[in-house]
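My notes follow in the order I took them.

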Amino acid sequence: MLARVYSGAVVGLTGIAIEVEVDVAGRGFPTFTIVGLPNKAIDEAKERVRTAVVHAGFEMPDSRITVNMAPADIPKTGSGFDLPIAVGILAASGIVAQEGLRDALFIGEVSLEGRIRRVNGSVSLAMLAREKHMKSLYIPTDNAYEAAFVDGVTVYPVATLSELVLHLNNHALIPPQPITDISQMRHNEDHMKGDFADVKGQAQAKRALEIAAAGFHNIHLRGSPGAGKTLLSRVFVTILPDLTKEEVLEVSRVYSAAGMLGSAHVMTRAPFRSPHHTTSKMGLIGGGTNPTPGEITLAHRGVLFLDELTEFPRSVLEALRQPLEDGVVTVARAAGSVAFPARFLLLGASNPCPCGYLGHPQRRCTCHMSHILKYKKKLSGPLTDRIDLHIDVSPVENDVLTSRGESETSKTIAERVQSARTRQRERLSMRGKLTNGEMSSADIRAVCSITSGAEMLLKKAVSALSLSARSYFKTIKVSQTISDLENADTVDTAHVAEALQYRSKES
């Protein structure tokens with residue numbers, strides 16, 4: 001008897017429909033064969049499924065079993081096909097009614113005792129079920145919460161194989177998973193510790209970070225050891241706005257495919273990734289035989305913090321150039337290409353020279369000039385040109401460091417940032433963008449209102465500072481963000497003048 005069960009595979013971040021055909025022959029020697037380009041994990045499913053079916057209280061067919069996973073030209077990986085294979089065998093044996101299998105998607109790993117274990121990529125698979133107009137998605141209980149965030153599909157949390165069989169035969173129905181309430185999650189979640197009020201002084205750096213957060217602009221902090229670069233970077237995430245529902249789905253999809261959601265279920269806060277400077281190019285960009293997301297994709301819609309920026313190999317940093325411009329990275333392998341989203345905010349921190357004290361008001365730099373030049377060349381001109389704001393972080397004066405005066409809190413700054421983001425979303429809604437940092441030159445011409453005085457200052461700056469075309473448009477983007485923070489309707493001369501202060505003197 002033949003049975004068909006529908007499942008899915010995740011390639012990159014995309015769910016691909018897989019049809020699992022199971023044939024239980026009426027005659028023949030008892031064999032169990034799986035075809036359709038399965039990997040070792042799927043081939044081992046034969047032993048897991050055989051034992052799980054028995055422990056669930058059912059009889060394994062004592063005849064030839066053939067499982068085909070179509071389309072056969074797509075490599076299948078992982079243990080998530082255990083559940084559809086088990087359901088297919090039970091359906092082909094007449095134990096499970098096949099009527100409920102036609103518009104349902106099954107995914108999950110089975111244990112030897114018949115329990116259903118979590119799998120990676122459940123958000124992508126839920127989106128696949130919605131795309132294919134499947135009425136039901138049967139998924140492990142541990143994955144149900146994140147899958148229920150996707151609208152338009154009924155998610156059933158499955159704990160055991162026997163429980164699923166009773167449900168499919170209409171003997172004991174499994175209640176569907178309630179739709180995930182993001183607002184309730186934000187109310188209950190534990191926000192990261194730290195506050196801008198903990199940082200003494202550094203008013204200019206705080207201002208630059210506020211602009212970066214408001215417009216989603218890349219920023220580079222450069223200063224001597226102990227000036228506060230790392231502390232400023234660590235508390236930066238506390239002024240970032242909550243992700244919108246669409247952004248939550250984007251980010252959770254990435255972390256679900258990478259198997260990194262864990263108990264968080266969905267990502268409601270902007271991610272903050274801080275890889276060590278020994279990270280390889282593949283670790284940063286992503287890749288592998290079966291391409292997996294790298295750090296820039298895990299930082300999608302959030303922050304990629306590169307501490308000790310100049311200690312990263314130049315080849316690794318140069319790999320950031322295209323993703324910084326396009327917001328996506330394409331990993332090409334012999335088997336095909338996979339595109340990962342990479343719309344991240346680059347936050348870099350570095351010293352001005354190898355010893356770290358170039359330009360320090362009290363300590364003398366001991367570096368030879370040739371070493372300083374070599375050190376600075378680790379950041380190429382094209383990469384520097386893609387960074388919107390460059391800030392020199394000076395050491396904090398003793399009087400400021402020992403004072404007990406109160407600084408502005410992250411909550412206060414975050415409110416201004418949120419207000420500026422709201423203005424940007426309203427202005428850019430018809431352009432398909434969310435922040436000023438994402439604007440193209442066409443977007444700038446369409447939505448930015450610049451006064452004649454500001455335009456005159458920009459023209460003078462292009463000539464005096466030898467700004468590239470990219471730097472010119474980035475200056476306008478930063479100026480627009482400064483205008484948004486002030487709730488202004490136009491970009492004025494003062495906004496452009498402040499934005500020009502943040503351009504690198506070496507770019």
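I started with secondary structure and noted 22 helices and 18 strands in the chain. I am working from a predicted model.

Next I looked up the extent of the chain. Along the principal axes, its C-alpha atoms fill a box of roughly 85 × 45 × 45 Å. Of the 507 residues, 51% are buried.

Then I turned to pockets. How much space lies in the largest pocket? I found about 800 Å³. Its lining has 31 residues, and Val10, Val11, Gly12, Thr77 and Asn290 lie nearest the centre. The elements that give two or more residues to this lining are β1 (2-11), β13 (292-293) and β16 (336-341). β1 gives the largest share, four residues. I sorted the pocket lining by class and got 15 nonpolar, 13 polar and three charged residues.

Last, I checked for cavities. I counted one cavity of 30 Å³ or more. The largest cavity holds about 90 Å³ of space. Which classes make up the lining of the largest cavity? I listed five nonpolar, one polar and six charged residues. Among the lining residues are Phe216, Leu240, Asp242, Glu247, Arg301, Arg421, Arg425, Thr435 and Glu438.

Key. Residues numbered from 1 in each chain as written. Predicted model: local features only at pLDDT ≥ 70, side-chain atom pairs only at ≥ 80, totals over all residues. Heavy atoms only, no water. 1 Å grid on protein atoms, 1.4 Å probe; cavity = no way out; pocket = protein on both sides within 12 Å on 5 of 7 lines; lining within 4 Å. Points joined across faces, edges and corners; volume = space filled by probe spheres on them. Nonpolar A, V, L, I, M, F, W, Y, C, P; charged D, E, K, R; others polar. Buried < 20%, exposed > 50% of the residue type's maximum accessible area, 1.4 Å probe, protein only.
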